[in-house]
Amino acid sequence: MTIEPRVFSGVQPTGNLHLGNYLGAITRFVALQDSHNCIYCVVDLHAITVWQDPADLRRSIREVTAAFLASGVDAKKHIVFNQSQVAAHAELAWICNCVARMGWLNRMTQFKEKAGKDRENASVGLYAYPDLMAADILVYRATHVPVGEDQKQHLELARDIAHKFNTDFAQTILEEGFFKGFFPLPEPLISGPATRVMSLRDGTKKMSKSDPSDMSRINLSDDAEAIEKKVKKAKTDPEPLPSEEKGLEGRPEADNLVGIYAALSGLAKEAVLRDFGGAQFSKFKNALVELSVEKLGPIGAEMKRLSADPAYIDSVLADGAARAREIADKNMQHVRNIVGFIQS
Ligand code: ATP
Ligand code: MG
């Protein structure tokens with residue numbers, strides 16, 4: 001039985017969606033729609049690994065959905081839904097918890113970063129997060145996962161879990177009629193010019209929803225004035241821009257701003273530097289403000305328009321969840337047989 005290619009990816013409904021999410025993930029989601037069947041998920045079960053105010057969580061779920069739609073995700077041709085509406089994610093996550101090894105999870109750098117010094121006080125969910133992420137992907141037997149660079153390690157873990165499951169249950173997988181293992185090993189798609197957009201305040205730290213400083217990121221909901229303020233205050237160094245990419249080495253803030261300009265304009269960094277090489281940051285920042293407002297303004301406006309109609313957003317999620325559930329439930333029936341559960 002051959003497995004048809006399927007794309008899965010998710011975004012957490014936590015805080016503010018930013019330029020990194022947009023360039024590293026959402027623009028990739030849109031690009032894959034022509035060639036693949038795609039499932040895009042608002043991963044609310046992941047969000048609660050850190051405490052969320054319930055009213056804020058509801059608002060964020062709708063905001064991420066609005067951002068998908070405003071950026072060009074087609075919820076009719078593809079599937080858009082919030083994770084908690086499909087119980088199979090949580091069910092398969094438990095099985096993934098039992099397949100994954102403590103040693104594997106102990107190596108995850110995201111947990112170390114997010115738990116910080118107070119590890120004893122982090123939720124068990126934050127620790128087990130990568131197992132749920134593996135389940136999100138595997139429950140659809142997805143083959144391709146577009147993500148930013150920061151998710152590479154979690155994708156490797158998902159592959160390890162898929163491989164161990166296929167090995168541990170090889171006999172019953174065959175009996176269930178699958179001759180090449182049950183789960184495909186999902187491939188990360190980490191591509192494009194902005195797989196790791198950095199903080200505007202510190203070029204060595206990734207731009208992140210959970211950064212306490214709002215000045216560190218450009219939010220998709222920022223208006224022109226906020227974008228201008230943030231870009232103009234972005235950290236730089238005293239040198240003018242170089243004329244070649246090599247000259248960006250050791251200059252993380254300059255590299256980041258040039259990368260953002262390249263990604264938003266669809267040009268290579270080399271081409272951006274041909275135009276701006278030798279220029280002062282003040283001139284380059286003016287151009288970057290103009291480009292950012294031109295590209296992000298319409299998305300922010302459309303997000304606002306969609307957010308004014310929560311009932312519509314909820315109906316998109318309900319429709320997507322029903323279609324996702326159908327695929328996931330069918331796969332879970334096989335999984336239960338493979339593991340040795342009795343179902344009626
Ligand atoms: P948090 O800080 O709460 O983890 P986040 O900004 O990392 O939030 P996620 O919802 O965890 O956002 O990630 C959604 C997608 O966006 C993932 O594919 C992730 O790899 C991608 N992504 C997140 N930050 C960046 C970034 N700075 N540059 C490129 N891609 C990013
Ligand atoms: Mg993240």
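Biologist: By class, how many polar residues does the lining of the largest pocket have?
Modeller: This is a predicted model; local features need pLDDT of at least 70, side-chain atom pairs pLDDT 80 or more, while totals for chains, interfaces and linings use all residues. Residues are numbered from 1 along each chain as written, chains are lettered from A and ligands numbered from 1 in written order, and side-chain values use heavy atoms, without hydrogens and water. Nonpolar means Ala, Val, Leu, Ile, Met, Phe, Trp, Tyr, Cys and Pro; charged means Asp, Glu, Lys and Arg; the others, Gly among them, are polar. The lining has 17 nonpolar and eleven charged residues, and its polar count is 22.

Biologist: How much space lies in the largest pocket?
Modeller: A pocket is an open set of points on a 1 Å grid over the protein atoms alone, where a 1.4 Å probe fits, with protein on both sides within 12 Å along at least five of seven lines; lining residues have an atom within 4 Å of a point. The space here comes to about 1200 Å³.

Biologist: Which residues of the lining are closest to the pocket centre?
Modeller: The lining counts 50 residues. Closest to the centre are Gln 110, Lys 114, Asp 150, Gln 151 and Lys 206.

Biologist: Which element gives the largest share of that lining?
Modeller: Helices (H or I, at least four residues) and strands (E, at least two) are DSSP runs, numbered from the N terminus. Contributors of two or more residues include strand 1 (6-11) and helix 1 (19-32). The largest share, five residues, comes from helix 7.

How values were computed
Points joined across faces, edges and corners; volume = space filled by probe spheres on them.
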